Structure formats: structure tokens, C-alpha cells
Amino acid sequence: MARLGAIMKTTAARLSALYLLLFTICAVVLVFYMTSLSARMLVAQTRETINDEVTDLQNFYRRGGLPSLIRVIDRRARQPSANLYLIAESSGRILAGNVQGLEPGVLDRDGWTDEPFRYERFGESRRGDAEARDDDATTDDREGSETRGRAPHHAIARIIRLPNRLIVMIGRDLGEPERFRQVVRRALAFALAVMAVGGFLIWFFVGRRALKRIDAVSAAGRRIMAGDLSGRLPVTGAGDEFDRLSTNLNAMLARIAELNEGLKQVSDNIAHDLKTPLTRLRNRAEAALSGKQSTVQYRKAMEKTIAESDQLIRTFNAILMISRLEAGHSVEGKQDVHLAAIATDVVELYEPLAEDAGISIECRVTEDPVVSGNRELLSQALSNVVDNALKYCVPDNADPKIVVTVARSGPHAEISVTDNGPGIGDADKERVTERFVRLEESRNQPGSGLGLSLVKAVMKLHEGDLILLNAGPGLTV
């Protein structure tokens with residue numbers, strides 16, 4: 001009973017019960033309407049048949065008088081499935097026909113009877129005189145049993161009074177419409193019973209299956225709330241609403257796990273990578289305060305401290321921007337942006353630095369795609385990539401160069417930055433986009449290891465990808 005009560009609380013079970021109830025009501029109303037309509041049609045057809053019969057008998061009466069009418073009625077009354085025929089005196093005494101007895105008052109009015117009346121067929125009278133002389137109590141018992149065993153007959157009829165004051169009745173038994181109604185009602189009752197049993201079984205098994213799936217989802221939810229963020233809701237592959245809900249929730253859980261992992265990495269990286277510059281700041285301040293220093297020496301110490309502090313502030317700002325972008329939030333809005341204009345501006349910005357480093361830099365535009373994005377963020381991302389190329393494209397070969405290309409690759413817009421420097425090994429391509437990761441062990445180059453992390457976050461915000469390829473020699477981003 002507890003299991004059934006739990007099933008009854010599910011949406012699937014309640015919807016099944018509601019649909020079953022509405023379908024049952026509609027089926028009952030429809031069948032009863034059709035039954036009543038069919039019965040009325042049969043009664044109307046019966047009246048039409050009786051009217052035709054009356055017209056035919058009137059013709060016989062006009063041609064041959066009463067003897068001809070009696071002969072025709074007597075002949076037709078003996079036929080199988082005959083109509084009801086009766087000729088009676090004005091006092092009600094039956095003279096001819098196939099009707100033995102009538103409900104009182106039927107012959108009092110001309111025309112159609114107002115309501116169906118009871119009648120007794122010829123040959124269905126009570127026991128004869130010999131049986132009537134038996135014991136009264138025994139006779140009454142037999143009559144009651146006989147009456148109970150014999151179904152009453154009902155009919156409709158048309159009453160006509162002849163000029164000689166004789167009464168003619170032509171009617172039709174209503175047994176056929178009644179039998180039709182009873183058959184339909186029995187069929188309806190059986191169909192409803194089968195439908196109720198089938199609906200209950202379907203209801204039970206569907207609700208039970210839905211309850212099992214809900215229990216599985218609840219169990220997975222409890223494991224996740226207990227701290228297992230790697231857990232996921234079950235997906236059966238049926239493609240129904242439960243699977244769609246589980247798929248969406250799993251995507252949300254994956255996103256939450258990714259953000260938590262990013263937060264953990266940021267915390268770890270801050271603890272490790274920012275500890276060194278903060279230690280340098282403290283040591284430099286301690287060295288400046290120890291002993292007597294000249295004003296120039298104090299100024300130099302303060303300038304180095306301010307420069308170190310600015311670098312820390314830039315690092316924290318980059319971390320905050322990456323976190324905002326990875327969370328899918330940006331204060332700045334998006335608009336239509338020409339990528340060729342961004343690439344040209346960035347190349348012009350870095351041309352003096354490249355010239356000083358002895359590196360040639362150029363911009364090649366094969367097509368000018370227009371995308372919906374944030375111009376500042378896209379410019380910052382491209383600047384980070386070009387800045388990295390300038391740092392690591394050391395002039396070891398005869399002709400160090402950087403090429404920024406803007407093109408279209410199928411339906412996608414593409415910006416690539418290619419250098420002919422040492423490149424990045426395949427094992428490090430995935431790791432280099434993480435926060436605070438720097439492949440340079442000596443750490444001689446300036447930077448915090450957040451440049452490519454920021455580029456990856458900007459690309460994710462713009463539904464793009466950051467891809468690192470070997471340029472042979474060098475790297476293509």
C-alpha cells in the first residue's frame with residue numbers, strides 16, 4: 001500500500017488517472033448518446049412502417065369492406081415477425097388479431113399512443129380453466145412464477161375508429177430497440193470494465209517505472225550533495241522528458257564542477273605563484289629599512305616596490321577577468337566587429353617592439369569576417385598571443401618573423417598568429433593554457449602565465465576555440 005501511495009503521488013500516475021477518467025466520461029456520454037439516437041431512429045422507422053401499413057389496410061377496407069379487412073389482418077397476423085393487429089368493439093372486446101390483452105386505456109383515444117404500452121401476445125394467456133380449478137394458493141404461486149418468468153411486452157400503436165364504431169389497432173413491438181439498447185449497454189459495460197482493468201495495469205506499471213527513475217535521480221542527487229561532484233544523473237537513452245532533464249542537469253553539474261576546479265586551481269596558483277613576488281616585496285622593504293640609506297637608494301627601492309605592486313595588481317586583474325569570462329559574464333556588450341580591423345590595429349601597435357627586437361611582423365587579410373563580439377576583449381586576446389610570439393620568437397635564425405592572418409574557414413571566422421620560433425611540444429599544448437603555467441623554467445621573460453588562459457576564456461565567451469598547431473618550425477595559434 002505504501003508503494004501504491006508513492007506511485008499515486010507521481011505526476012505520471014496522476015496524469016494517467018486524469019486521462020483515464022476523462023476518456024471514460026467521454027466514452028460513456030458518446031455511447032449513451034449513440035444508443036439513444038439509434039433507438040429514436042428505430043422508433044421513427046417503426047412509426048413510418050405503421051403509417052404505411054395503415055394506408056394499405058385503408059385501401060383494402062374501401063375496396064372490400066370489413067370482411068376484406070378482417071381477412072387481410074388475419075393473414076398478416078399469422079406471418080413471422082408480424083406487426084400487432086387488433087379489431088375490437090367500441091366496448092373494448094377483441095374480435096380479431098394477434099393481441100390477447102392490452103393495458104387498460106390504450107383504445108380510449110384515436111391516433112398514436114402517447115407512451116409505449118404493455119400488451120399480451122396471443123397464446124400467452126393465463127392457465128386454462130382446468131388449472132384454474134386447482135388449489136388457489138398453488139395457482140397463485142404458479143401465476144406469480146409464470147409472470148416473473150415471462151418478460152412484459154411493450155409496443156407503440158396507432159388507433160383508428162371505423163364508421164361502424166369498430167376499433168382497429170396497428171402497432172409494433174419495441175423489443176428490437178430494447179434489445180439493441182441492452183446489447184449496446186452490455187457491450188459498453190464490458191468494454192469499460194476491460195478498459196478500467198487495462199488502464200489500471202498501465203497506470204500501475206508506468207507509475208512504477210517513473211517512480212524507479214525518480215528514485216535513481218534522487219539517489220544520484222544525494223551522492224552529489226554529499227560531495228561527489230563527479231557523479232551524474234542516470235540517462236537511459238529513451239529520449240523522454242526524464243532523459244532531457246537529466247542531460248541538462250548533467251551539463252549544469254559539469255559546468256559547476258569545471259568552475260569549482262577552476263577556483264581550486266586559482267587558489268593553488270595564487271598560493272604558489274604570488275608567494276614569490278610578495279616575498280620579494282617584503283625583502284626589498286626590509287632591506288631598505290635596515291641600515292642607513294641615501295635618499296636616492298630609498299627612491300630606487302620604492303620605485304621597484306611600486307613596479308612589483310603594479311605587476312601584482314595586473315595579475316589580480318587578469319585573474320578576475322578570466323574568472324568573469326569563464327563564468328559567462330561580461331560587463332561590456334557585444335556588437336558587430338570587423339576582425340581585419342582588430343588584427344591591423346594590434347600589428348601596428350606591436351610593430352615598434354618587433355622592430356626593436358629584430359623580428360618582422362605582418363598582417364595578411366584574405367577575407368574580412370564580421371562577428372558578434374566584444375572588440376576590447378578580442379583585441380586583448382590577440383594582443384596576448386602576439387606578445388607571447390614576440391617574447392619567444394627569439395632571433396636564433398636568420399629571419400625571425402610573425403605573421404597574423406585573418407581568413408574564413410568554412411562558416412567560421414579565423415585569426416591565426418604564426419611564428420618561426422622554438423614552438424611548444426605536443427605534451428605541453430594543453431597545459432600551457434592553464435593559469436600561471438610558464439614553460440620557461442628560468443622565468444627570465446616578464447609575465448605571470450595568465451596570457452593564454454585569458455585568450456582561452458575570451459574564445460569560450462565568443463563560442464570560439466583556441467587551437468595550438470606546429471608550424472614547423474614555430475607555432476601557430
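Author: This is a predicted model. Helix α10 (residues 375-392) packs with helix α11 (residues 451-461) at an angle of about 145°, and their axes are 9 Å apart. The crossing of these two helices is left-handed. On the α10 side, the contact is made by L377, L378, Q380, A381, N384, V385 and N388. On the α11 side, G451, L452, L454, V455, V458, M459 and L461 take part. Sorted by class, the contact of α10 with α11 has 10 nonpolar and 4 polar residues, and no charged residues.

Helix α10 also packs with helix α9 (residues 339-356). Here the angle is about 40°, with the axes 10 Å apart. α9 passes α10 in a right-handed crossing. From α9, the contact residues are L339, A341, I342, A343, D345, V346, Y350, L353 and A354. α10 contributes R375, L378, S379, L382, S383, V386, D387 and L390. The contact of α9 with α10 divides into 12 nonpolar, 2 polar and 3 charged residues. L378 of α10 is listed in the contact with α9 and also in the contact with α11.

Next comes the sheet. It is an open sheet of 5 strands in the order β9-β11-β12-β14-β13, and its pairing is mixed. The edge strands, which pair on one side only, are β9 (360-365) and β13 (469-470). L469 stands opposite T476 in β14.

α9 packs on this sheet and touches β9, β11 (401-409) and β12 (412-419). The direction of α9 makes about 170° with that of β9. α10 packs on the sheet as well, touching β9, β11 and β12. For α10, the direction makes about 20° with that of β12.

A last item concerns rings elsewhere in the model. The count of aromatic pairs comes to 0. Charged ends over rings do occur: that of R47 sits over the ring of W112, 4.6 Å from its centre. Likewise, the charged end of R63 sits over the ring of F60, 4.9 Å from the centre of that ring.

Notes: Residues numbered from 1 in each chain as written. Predicted model: local features only at pLDDT ≥ 70, side-chain atom pairs only at ≥ 80, totals over all residues. Heavy atoms only, no water. Axes fitted to C-alpha atoms, helices over the stretch in contact; angles between N-to-C directions. Helix = DSSP H or I, 4+ residues; strand = E, 2+ residues; numbered from the N terminus. Left-handed = near helix turned anticlockwise from the far one by under 90°. Contact = heavy atoms within 4.5 Å. Nonpolar A, V, L, I, M, F, W, Y, C, P; charged D, E, K, R; others polar. Phe/Tyr/Trp six-rings, centres within 6.5 Å; stacked < 30°, edge-to-face > 60°. Lys NZ or Arg CZ within 6 Å of the ring centre and 35° of its normal. Pairing = 2+ DSSP bridges.
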